[in-house]
Amino acid sequence: MPGLKIDLHTHSTASDGTTPPEVLVREAADAGLDVLALTDHDTTGGWERAAADLPAGLRLVRGAEISCSRNGISLHLLGYLFDPTHAALAERLDALRTSRISRAERMVDMLIADGVPVSWGQVRELADGTVGRPHIAQALVASGLVPTVADAFTRDWIGTHGRYWGAKLELDVLDAVRLVAEAGGVTVFAHPGAASRGRIVGEDVIADMAAAGLDGLEVDHPDHTPEMRARLGVLAAELGLLPTGSSDFHGANKTVRLGAHLTPEASYDELVARAKGVEVL
Ligand code: AMP
Ligand code: ZN
Ligand code: FE
Ligand code: FE
C-alpha cells in the first residue's frame, strides 16, 4: 500500500488564502490527500468550519502559522494540535492579529498618500479573518497597478522592506516554540530556506530552536531550491528534527496546488504522537 498523502501547511479565508475552510477540506479530499493541516496565519479561526465539513477519509490536523522573529529577521513557526483555549497562547495570537490591522492600515495610508487608488474599506472587505499583505496585494491588482498578487511583493510595492511595507508584531521564536509546547502542541519551522521572502536566519538559530524544543523542519516547500532542500534534510537529521513537506496552499493568491509537496508518514506519525493539545480529526 502506498504511503499516506500528507500536506501539512495550507491557508484558507481565515487568513490570506482564497478558499473557505469548508471548501478547502473538500478540495483536499478531491486532490487525493489523506491528511491536511489547516495553518492560517496567527489564528485558529478556521478550525471549526473545516472540522464541521470534513469529508470521510480525510484527516484534519488543526494548526496555525505564527508570526515570529529572531535577530530582527522575520520567520514563520507552524504550531500543530495545540489547545486553542490555552490563555497565554490565545492572548499572543490575538495580539498578533490586532497588530496586523494597524499595520495594514498604515500601509494603505502610505499608498493613498502617493495617490494609489486603494482604500482601507476595500482591504477590510477582502479580509475575512487575519488581515495580511496578500489582501493589500489584491486591492492593488483590482486597481490595475499590478498584474498579479505575486507582483505586489517587490521593493516598489509591499515586498519586505519595500516602499509601502510596514512592520508588524512578531513573537520571539524561542518563546513561541516554548509557548506552543506549553499548550500541548508541536512545532515546525516553516520554509526556513525561503530566501525569496527576505533574509533568512542562520543554522545557529535553527539549532537554538531545536534546543528550545522545536519538533520539525519544513524541508520540502515550494519556495526552496533543490539545493536548499538537500541541505535542510541533512540539517534536520543532524539536529534530530522531523523533516516535513507542504504546498503552503493559498488558493488563487498563489499558483501552487494542494499536495504539491508532502510530509513523510514517519514524521507525521511522530508529530501526532508527541502532541497532546487537541486530537487529529
Ligand atoms: P504578511 O504575513 O501580512 O506579512 O504577508 C506575508 C504573506 O504573503 C506570506 O505569508 C505569504 O502568504 C504571502 N506572500 C509572500 N510572498 C508572496 C508572493 N510572492 N506571492 C504571493 N503571496 C506571497
Ligand atoms: Zn500566507
Ligand atoms: Fe509562511
Ligand atoms: Fe504559509
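**Pocket, iron site and nonpolar cores**

Strand S4 contributes the most to the lining of the largest pocket, with four residues. The model is a predicted one, in which local features need pLDDT of at least 70 and side-chain atom pairs count only at pLDDT 80 or more, while totals for chains, interfaces and linings use all residues. Residues are numbered from 1 along each chain as its sequence is written, chains are lettered from A and ligands numbered from 1 in the order in which they are written, and side-chain values use heavy atoms, with hydrogens and water left out.

The largest pocket holds about 1,300 Å³ of space. A pocket is here an open set of points on a 1 Å grid over the protein atoms alone, where a 1.4 Å probe fits, with protein on both sides within 12 Å along at least five of seven lines; lining residues have an atom within 4 Å of a point. The volume is the space filled by probe spheres set on the points. Among the 49 lining residues, the closest to the centre are His76, Arg133, Phe153, Thr160 and Arg197. S4, helix H3 (87-113) and H5 each supply at least two residues of the lining; helices (H or I, at least four residues) and strands (E, at least two) are DSSP runs, numbered from the N terminus.

His76 is also a ligand of the iron ion (ligand 3), which is coordinated by Glu65 (OE), His76 (ND1) and His191 (NE2) at 2.0 to 2.2 Å. Donors are N, O and S atoms within 2.8 Å of the metal (3.2 Å for Na, K and Ca), and sites may look incomplete because water is not among the atoms. Glu65 lies in strand S3 (residues 59-70) and His76 in strand S4 (residues 73-80), eleven residues apart. Glu65 is buried, at 1% relative accessible area, and His76 is likewise buried at 15% (buried means under 20%, exposed over 50%, partly exposed in between, with a 1.4 Å probe and protein chains only). The iron ion (ligand 3) is 5.5 Å from the zinc ion (ligand 2).

The largest nonpolar core comprises 61 residues, and Leu8, Leu36 and Tyr80 have the most contacts inside it. Such a core is a set of buried Ala, Val, Leu, Ile, Met, Phe, Trp, Tyr and Cys residues joined through side-chain atoms within 4.5 Å. Helix H6 (residues 173-182) gives the most to this core, with six residues. Apart from it lies another core of 19 residues, including Met107 and Trp157.
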